[in-house]
Amino acid sequence: MREARPAVGLALTPNLHWAMDNHLIAPGPDHRWHVSPTVDALVPDSRWLCELDEQPLVLPRDPRWQPDREALAWRLAHLQR
């Protein structure tokens, strides 16, 4: 029997979850956050997203629960361009 594990499995705040669902941010297979170029850093409400760009992901310590790199690559490929 195959052990179940989450595909991405990152704990997110509601704001991060919303931004990821709307393809404004994506956790990448490089284990860093990526922000869509459509996010305007000059808009004060968007500044926090821009500051997230290239920041490292906070990963589970146990490797069994770390995100699947293919799932992360899919997220990154679907980032708004």
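These points go through the predicted model, from its overall build to single residues.

1. **Basis.** This is a predicted model, in which local features need pLDDT of at least 70, side-chain atom pairs count only at pLDDT 80 or more, and totals for chains, interfaces and linings use all residues. Residues are numbered from 1 along each chain as its sequence is written, and side-chain values use heavy atoms, with hydrogens and water left out.

2. **Confidence.** pLDDT is the predictor's confidence in each residue, on a scale from 0 to 100. Its average over the protein is 91. A score of at least 70 is reached by 93% of the residues. Among the elements, strand β2 (residues 33-35) has the highest mean, 98. Helix α3 (residues 69-77) has the lowest, 94. Where pLDDT is low, the predicted coordinates should not be read in detail.

3. **Build.** The protein has three helices and two strands. Their order from the N terminus is α-β-β-α-α. Both kinds of element are DSSP runs, numbered from the N terminus: helices are H or I with at least four residues, strands are E with at least two. Along the principal axes, the C-alpha atoms fill a box of roughly 50 × 20 × 20 Å.

4. **Contacts and surface.** A contact means heavy atoms within 4.5 Å. Take the contacts with a separation of 6 or more: 61% of them come from residues 24 or more positions apart. The protein exposes about 5,600 Å², and carbon and sulfur atoms supply 55% of that area. Accessible areas come from the Shrake-Rupley method with a 1.4 Å probe; for residues, only the protein chains shown count as cover. Of the 81 residues, 31% count as buried. Buried means under 20% relative accessible area, exposed means over 50%, and partly exposed lies in between (1.4 Å probe, protein chains only).

5. **Leu49.** This residue sits in helix α2 (residues 47-52). Leu49 counts as buried because its relative accessibility is 5%. Beyond residues up to four places away in sequence, Leu49 touches Ala19, Ile25, Val35 and Val39. Ser36 is 13 residues from Leu49 in sequence, and their C-alpha atoms are 9.2 Å apart.

6. **Ser46.** Ser46 lies in the loop between β2 and α2. Its relative accessible area is 17%, so Ser46 is buried. Residues up to four places away aside, Ser46 touches Val39 and Asp40. Val39 is also among the contacts of Leu49.

7. **Charges.** Lys and Arg count as positive, Asp and Glu as negative; His and the chain ends are not counted. The place of a charge is NZ of Lys, CZ of Arg, CG of Asp or CD of Glu. There are 9 positive and 11 negative charges, and their mean positions are 6 Å apart.

8. **The salt bridge.** A salt bridge is a side-chain nitrogen of Lys or Arg within 4 Å of a carboxyl oxygen of Asp or Glu. A search of the whole structure finds one. The side chains of Asp62 and Arg64 meet in a salt bridge at 2.7 Å, N to O. Asp62 is partly exposed, with a relative accessible area of 26%. Arg64 also counts as partly exposed, at 46% relative accessibility.

9. **Arg75.** Look at this residue in helix α3. Arg75 counts as buried because its relative accessibility is 18%. Yet Arg75 has no salt bridge. The nearest side chain of opposite charge is that of Asp21, 4.3 Å away. Neighbours within four places in sequence aside, Arg75 is in contact with Met20, Asp21, His23, Ala26 and Pro27. Leu10 is 65 residues from Arg75 along the chain; their C-alpha atoms are separated by 12 Å.

10. **Positive phi.** Most residues other than glycine have a negative phi, and most peptide bonds are trans. His23 has a positive phi of about 60° although it is not a glycine. His23 lies in the loop between α1 (14-21) and β1 (25-27). With a relative accessible area of 26%, His23 is partly exposed. Glu54, also not a glycine, has a positive phi near 70°. Glu54 is in the loop between α2 and α3. Its relative accessible area is 39%, so Glu54 is partly exposed.
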